[in-house]
Amino acid sequence: MRCLPVTISIRVRLLGPCFPVTISRCFPVTIWIQGRELSFNNYLDLDLANRISNSQAEPTFAIVKHAIPVGIACHQDPLTAFERARDCDPLSAFGGIIASNAPITGKAAIEVAKGFFECVIAPGFSDQALAAFGAKPNLRVLQLEESCQ
């Protein structure tokens, strides 16, 4: 397993003066497909969503928002898995991070593209999925080269 070290420096205020905090994590090697630069919260949510989806053996979608899992579902059909994960809490899923431990199909991507999500990370995408995501240029799409469990 190859992972990229990611170091993020922030300033924190806890009932007094600000002081610097550095967080270092191992992040899976990924291929950047499209979208804007990742924010600090995006990195944290991508890491958590990826760990959740990769904790299951069968195809799984995990949706995370602000470090809180808001939807997790497993199913052999990626479309069904995504719909079930989103339907756990559709209001909280809005603007969340999606991770899948299986390649995302065109049908699943079309359904994802109907809503608003910040990022999608998966081990692969069909051509139809990439076309559906291409219509949303601000959506960050990342492809895992290897799993980082």
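Is C119 buried or exposed in this structure? C119 is buried, because its relative accessible area is 0%, under the 20% limit for that class.

## Overall composition

The model discussed here is predicted. The protein contains 5 helices and 8 strands. Read from the N terminus, the elements follow the order β-β-β-α-β-β-α-α-β-α-β-α-β. Of the 149 residues in the protein, 44% are buried.

Among contacts with a separation of 6 or more, 43% are made by residues 24 or more positions apart. The protein exposes about 7,800 Å², and carbon and sulfur atoms supply 58% of that area.

## The sheet

Six strands form an open sheet in the order β3-β8-β7-β6-β4-β5, and the pairing within it is mixed. At its edges are β3 (30–34) and β5 (68–74), each of which pairs on one side only. Neighbouring strands of this sheet are turned by 15° against each other on average, direction ignored. In general, the strands of a sheet pair through backbone hydrogen bonds, in either a parallel or an antiparallel sense.

The pairing of β4 (residues 60–65) with β5 is antiparallel and extends over 6 bridges. Within this pairing, I63 has G71 of β5 as its bridge partner. Helix α2 (residues 78–88) lies across β4, β5 and β6 (97–100), and runs at about 145° to β5.

## The β4–β5 hairpin turn

Strands β4 and β5 form a hairpin with 2 residues between them. Both H66 and A67 are placed in the loop that links these strands. Most residues other than glycine have a negative phi. H66, although not a glycine, has a positive phi of about 55°. The phi of A67 is also positive, near 65°, again in a residue other than glycine.

## Nonpolar cores

The largest nonpolar core has 23 residues, of which I63, I98, I104, F117, V120, F125 and F133 touch the most other members. Two or more residues are given to this core by each of β4, β5, α2, α4 (106–113), β7 (119–122) and α5 (127–134). Helix α2 provides the largest share, with 4 residues. Apart from this core lies another, of 12 residues, including I52, A62, I97 and L142.

Which residues does I63 contact beyond its neighbours within four places in sequence? Its partners are I68, P69, V70, G71, F82, A85, R86, A93, I97, I98 and F117. One of them, G71, is also the bridge partner of I63 in β5.

## Helix α4

Helix α4 is mostly covered, with 6 of its 8 residues buried. The buried positions are G106, A108, A109, E111, V112 and A113. These residues pack against α2, β6, β7 and α5. As a general point, an α-helix has 3.6 residues a turn, so residues three or four places apart point the same way.

## G96 and its surroundings

G96 is located in the loop between α3 (90–93) and β6. With a relative accessibility of 1%, G96 falls under the 20% limit and so counts as buried. Leaving out residues up to four places away in sequence, G96 touches V64, K65, F116, F117, E118 and C119.

What distance separates the C-alpha atoms of G96 and F117? They are 5.1 Å apart, although the two residues are 21 residues apart along the chain. F117 is also listed among the residues that touch the most other members of the largest nonpolar core.

## Cysteines

How many disulfides does the model contain? The count comes to 0 disulfides. C88 has a relative accessibility of 48% and therefore counts as partly exposed. C119, by contrast, is buried, with a relative accessible area of 0%. C119 is also among the residues touched by G96.

Definitions and conventions: Residues numbered from 1 in each chain as written. Predicted model: local features only at pLDDT ≥ 70, side-chain atom pairs only at ≥ 80, totals over all residues. Heavy atoms only, no water. Pairing = 2+ DSSP bridges. Axes fitted to C-alpha atoms, helices over the stretch in contact; angles between N-to-C directions. Contact = heavy atoms within 4.5 Å. Core = buried A, V, L, I, M, F, W, Y, C linked by side-chain atoms within 4.5 Å. Buried < 20%, exposed > 50% of the residue type's maximum accessible area, 1.4 Å probe, protein only. Areas by Shrake-Rupley, 256 points an atom, 1.4 Å probe, with all protein chains shown as cover. Disulfide = S-S within 2.5 Å.
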